[in-house]
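Below is what I looked up, in the order I got to it.

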Amino acid sequence: MGIEWEQEKHSDAEIYKTLHPLLGAWFKWRFQAFTEPQRYAILNIHNLQNTLVTAPTGTGKTLSAFAAVLNELIALSDAGKLEDRIYCIYISPLRALSNDIERNLSQPLEEIKKAAAKINKKIDFRIAVRTGDTPTSERSKQLRKPPHILITTPESFAILLNSPKFMENMKGIKWVVVDEIHSLAENKRGVHLSLSLERLQQHNPEVCRIGLSATISPLEEMAKFLVGMKSQKEPRDCKIVDVKFLKKLDLKVISPLPDLINVSASQIQEKLYETLHNLIQQHKTTLVFTNTRSATERVVHNLKDRFPEQYHQGNLDAHHSSVSREKRLNVENRLKQGKLKCVVSSTSLELGIDIGFIDLVVLLGSPKSISRALQRIGRSGHRLHDTVKGRIIVLDRDDLVECSVLLKNALEHKIDRVKIPRNCLDVLAQQIYGIAIADRILERDLFKLVRGSYCFSDLSKLDFDEVIKYLAGHYSSLETRSVYAKIWIDEETGMIGRKGKLARVIYMTNIGTIPDEARIKVKIGSQSIGTIDEKFLERLRPGDVFVLAGQSYMFKYSRGNTAQVQAAGKRPPTVPSWFSEMLPLSFDLAMEIQRFRLLMDEKFRAKKEKKEAMEFINRYLYLDKNAAKAIYNYFHEQFYFSLVPNEKTLLVEYFTDEEHKRYAIFHSLYGRRVNDAFSRVLAYLIGRLEHKDVEITMNDNGFILSCEKLPVQQALNLLKKNEVRAIAALSLDKSQVLSRRFRHCAARSLMILRSYKGKRKSAGRQQMSSRLLLAAVQRIGNDFPILKEARREVLEDLMDISATEQVVDWINSGRLKVVERQSETPSPFAFNLFAFGHADILKMEGRLEFIRRMHEQVKAKIASKQ
């Protein structure tokens, strides 16, 4: 069968016929009828068919997965045949979601128990949560009396697989449910989970895998990720239940001002909060999403400050990952109880925690991907037949175009694709260690087990052997850096086993893929300046300028947890201080914007009247009059000043500022992950040609290279698709990003132990160990598996090297034409990119003045042409 779309929708009568009378009666009493996901999924899961369910929030996804499980447990309990073992494991990416599910399953259990008691029947089964927060006493209780449904996280699940006594309770397990599968599939937590699921399957070959997600694409890839592989080419059987777009969508892009250029920062602030306030007051409960934690706090502060009579701590609050767990739970509970008028969040409320009734979601700025927009906006209209209502407030013209195209794609049901990491050798090393601790295994059987995971289905035997060599202590030179053999291998039989008495303790206390993050001290010599986020440090190259505590500093180098800088005087920043918190624009959405740009370019080239162009904008983008006019003016200015870059044309502008500094501005609207790789590759080639360092400024819409001479065409002529990865890898040598990512990979692969004999190693000390380790493995060679993985992670997960190769291929083949233009001032599409480093989006007087000045120059030049 392989991967199949489920075509058969079952009638309510068919489903009731299958259900135990008590569960059927409960469904009729509680819901009256089954939902669409339930009509497609319940009987599949009852028949133990692997199933991926994708449907909007509030359409009964969770019960579509659990109905068959509850049905069997009720039937077994009624017949007195319920055993003391685990029948179902539910895996959630969030601890909060785990507690939520426990509450949501306990309610029907209690109601069914009461109904059973009325007819003199005793129905009882156990539901329990097992996460890092579970007390020791509760864990012991679960071992003695295992729950029939166990709710856990990927990390706790992996620990349980290495607990011999608990594994006894998992023999014969029938179902495993993976919730919010899209949020796991796109990172290493998902890769780790995919191997854990293969380990579970090894012990329980008939286990049924169920995946749940609200917004997801591509579905075939997700299904393969969920169920794994029968062979290298053929996935296990899986039914896809796709009812993503059941609910009506009421979505709009709002521009608080008709003119987004000739305004002051105070006017923008005033209109932003006035618009936001009006939206909140028109609705019962509003959820506001920002793109950064700092913006979340700022919005809450400004609403309370500007409207003190309407907003206070009792009805307005913030929710993000830096807020304490107790505070987050408090906000979630008050939201469920209807006590909050508005909650402002960054990303922490994106996933499906039950937060009660929300009738409006407001996004401040672009969420950068269609699926993220739908995920966030889908938090409104939580009930089955509610309309999903969302508003996106935009504050500049790039955001206006981006959000308008995003909205069109959301309404037309186009979702950008999730990219699943492949062949992560650090995760592989950790899991092989865990497998060897659990039991001895033949090397060939281990290789077969690993390749059962979709994430490792095309793993080469060479890479597998290299990881085994590292774990078996083949590289004895690493012992001087306290990296010892973790497994043994019998060369004759191929049998593998664990090494060392502390193996199980080391594994259990260092498990997982989420790296420890640190605050980095910023110093000039021994003088302390302040701190920056580690993710921000990753982005810095020597010579980069950034702002801290109102002053500009130039980055020199880092050691451990300290970054050394020097005063940069009046030099403008090359990297904004909030850069590390920004979400990257997806490549798929970027290409949709490029297509819109091409259509607009064709309208102007055909010399269409303004009225006809405006009609096209309104027809294509579903906009109001103000927004349509702003977009028309933006493209009109760009076309008549220079040309409109699009999917067929890459515009490179050359510009020299008042201080005679030369810039090449690339209008490469491909998203930050592509621009990161593309800009580094070109900067590396130009640097080699000119024997000088090249400065880079980069965002989603393009990048700027700065140097005395910029032989761009020569560098592009040298660049070939099949060399992009190698040049990008060379550009990473001695970079902060490779150094930091190597530490993360070294910790995942247990080269660096984050915890040993009860002592925790800080992120700073880990980084110091990592620096020495990196030098040691570089002496071994570039193919050392963990160094190789650090490069792969940077190029494929942090950046998007495959999409970069595609762009270079388009240039090589002539499909993408590179057009160079000299200019006295940047063109309108470059304004935001050129002003990028100057200030945070909600503190932007200087940036606005800078853009206004460039805008006046553009208008003057256009006027002189006509």
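**Around Met 751**

I started with Met 751: beyond its neighbours within four places in sequence, Met 751 is in contact with Tyr 470, Leu 478, Val 483, Ala 746, Leu 773, Val 777, Phe 784 and Ile 786 (contact means heavy atoms within 4.5 Å). I noted that this is a predicted model, where local features need pLDDT of at least 70 and side-chain atom pairs pLDDT 80 or more, while totals for chains, interfaces and linings use all residues. Residues are numbered from 1 along each chain as its sequence is written, and side-chain values use heavy atoms, with hydrogens and water left out.

**Cores**

Next I looked up the largest nonpolar core: it has 129 residues, and Phe 678, Leu 705 and Met 751 have the most contacts inside it. Such a core is a set of buried (under 20% relative accessible area, 1.4 Å probe, protein chains only) Ala, Val, Leu, Ile, Met, Phe, Trp, Tyr and Cys residues joined through side-chain atoms within 4.5 Å. Helix α17 (residues 425-438) gives the most to this core, 9 residues; helices here are DSSP runs of H or I, at least four residues, numbered from the N terminus. I also found a second, separate core of 79 residues, with Ile 254, Val 343, Leu 585 and Tyr 634 among them.

**A helix pair**

How do α28 and α29 cross? The axes (lines fitted to C-alpha atoms over the stretch in contact, angles from 0 to 180 degrees between N-to-C directions) of α28 (residues 736-748) and α29 (residues 763-780) come within 9 Å and cross at roughly 95°. I therefore wrote them down as roughly perpendicular (65 to 115 degrees). In α28, Ala 746 is one of the residues that meet α29, where Leu 773 and Val 777 are among the partners.

Conventions
Helices (H or I, at least four residues) and strands (E, at least two) are DSSP runs, numbered from the N terminus. Angles under 35 degrees count as roughly parallel, over 145 as roughly antiparallel, 65 to 115 as roughly perpendicular and the rest as oblique. Buried means under 20% relative accessible area, exposed over 50%, partly exposed in between (1.4 Å probe, protein chains only).
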